[in-house]
Amino acid sequence: MALTGKRVLALARSGSSMILLQQVRCRLSLRRLFSTDPSISISNPLLSRLLQEPTSSVKSVLDSQENAFLCTSRLSLNALVKSLISSSSPKKAQLVLEWKLEKMSKENESDPDPDFYIDLIRLCGELQNFPLAMHFFTAMEFQGVKPTVTTFNSLIEACISSHNMITAFSIFEVMKNSESYKPNTDTFYYFISAFSKLHDINSMQAWYSAKSAFEFSPDLRTYEALIYGSVKSKCFDFAVRCFEEMMLSGIVPNTIILENMLEGFCRRKNLDEVEKFLHVVLDKGWEINWNVVEKFIPIWFQSRELEGVEEILTKLNKSNLAPDGISSQTYC
């Protein structure tokens, strides 16, 4: 079991046919794909002190007895790291994780629950620090804790956020050739989402096809990534295909999908398609941001097709989307 981590790194260095095919495409285009959530915060004395102390004092503060309790529980540690990240103190957040890793090593501290290590690996991903994530993975194996599919998926997430797609491919290869942690639907989603955000339509479609080949059905978040990537890549025909496929499967689109579809229709400047789409949205009572709809209404006026606009605005007035009293006169 302890050889798994070494195998991942070895594959990353040597490469496989799949890795080599995608290496050139990824090398120059990768950028930051995930952002931290600024709404996550925690108010406690340790956080306040760490924010005030210089970076060089972080580990000594954590070692002090009065702060020992605040770092022992998993929830407290996670909240502390996330709060430091959202407070624009990523270096201090990294030092907290390094301190935890050192403490685990020195005191032979372990936790039999794989989720404990998964949380730590994901925090490393938020910091875009895959090497640190790999250290936690190695520590987990050293403690005899068996990795799960979710463990490997969290490593893939950390790779992607750290712009290390080549190693992410290597981990996928390890999973694919294993018996205990085969890729699941989440595995493919992370790659689809990554290439969607990179506007790399070819790689996104390839991973979508691979997901289908493994007989995993797409879910709402997969369709959201596919449609977003297609619209931003100006490959709207594929977005329409995904939207129709999603509707046939009975999945209700979310606001993000609807807004991306509206953007795609408007980019094609086919007013009939835009009107038809908005009628479907309003008739079904789906939620869509009024500000997004409003942005495209001038297109109709430029084409002088006021009759269609009046009908759409009438429906909007009857819904809860448009501001009170909105009408075609507003745009004249």
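Visitor: Is the crossing in which H11 passes H13 left-handed or right-handed?
Guide: This is a predicted model, where local features need pLDDT of at least 70, side-chain atom pairs count only at pLDDT 80 or more, and totals for chains, interfaces and linings use all residues. Residues are numbered from 1 along each chain as its sequence is written, and side-chain values use heavy atoms, without hydrogens and water. With the near helix turned anticlockwise from the far one by less than a right angle (clockwise would be right-handed), the crossing of H11 past H13 is left-handed.

Visitor: Are H11 and H13 roughly parallel or roughly antiparallel?
Guide: The axes (lines fitted to C-alpha atoms over the stretch in contact; angles from 0 to 180 degrees between N-to-C directions) of H11 and H13, residues 220-232, lie 8 Å apart at about 20°. Angles under 35 degrees count as roughly parallel, over 145 as roughly antiparallel, 65 to 115 as roughly perpendicular and the rest as oblique. H11 and H13 are therefore roughly parallel.

Visitor: How many charged residues does the contact of H11 with H13 have?
Guide: Contact (heavy atoms within 4.5 Å) joins Asp186, Tyr189, Ile192, Ser193, Ser196 and Lys197 of H11 to Arg221, Thr222, Ala225, Leu226, Tyr228 and Gly229 of H13. Ala, Val, Leu, Ile, Met, Phe, Trp, Tyr, Cys and Pro count as nonpolar, Asp, Glu, Lys and Arg as charged, and the others, Gly among them, as polar. Besides five nonpolar and four polar residues, the number of charged ones is three.

Visitor: How many residues apart are Phe169 and Phe195?
Guide: Among the 19 aromatic pairs in the structure, Phe169 and Phe195 are stacked, at 6.5 Å centre to centre with 15° between the planes. Rings of Phe, Tyr and Trp (its six-membered ring) pair with centres within 6.5 Å; planes under 30 degrees apart are stacked, over 60 edge-to-face, the rest tilted. Phe169 lies in H10 (residues 165-176) and Phe195 in H11 (residues 185-197), so that this pair links distant parts of the chain, with a separation in residues of 26.

Visitor: How many nonpolar residues are in the contact of H7 with H8?
Guide: H7 (residues 114-126) packs on H8 at about 165°, with axes 8 Å apart, which makes H7 roughly antiparallel to H8. Tyr117, Leu120, Ile121 and Cys124 of H7 meet Leu132, Ala133, Phe136, Phe137 and Met140 of H8. No polar and no charged residues take part, and the nonpolar count is nine.

Visitor: How many polar residues are in the contact of H8 with H9?
Guide: The axes of H8 (residues 130-142) and H9 (residues 149-161) come within 9 Å and cross at roughly 165°, which makes H8 roughly antiparallel to H9. On H8 the contact is made by Phe130, Ala133, Met134, Phe137 and Met140, and on H9 by Thr151, Phe152, Leu155, Ala158 and Cys159. With nine nonpolar and no charged residues, the polar count is one.

Definitions and conventions
Helix = DSSP H or I, 4+ residues; strand = E, 2+ residues; numbered from the N terminus.
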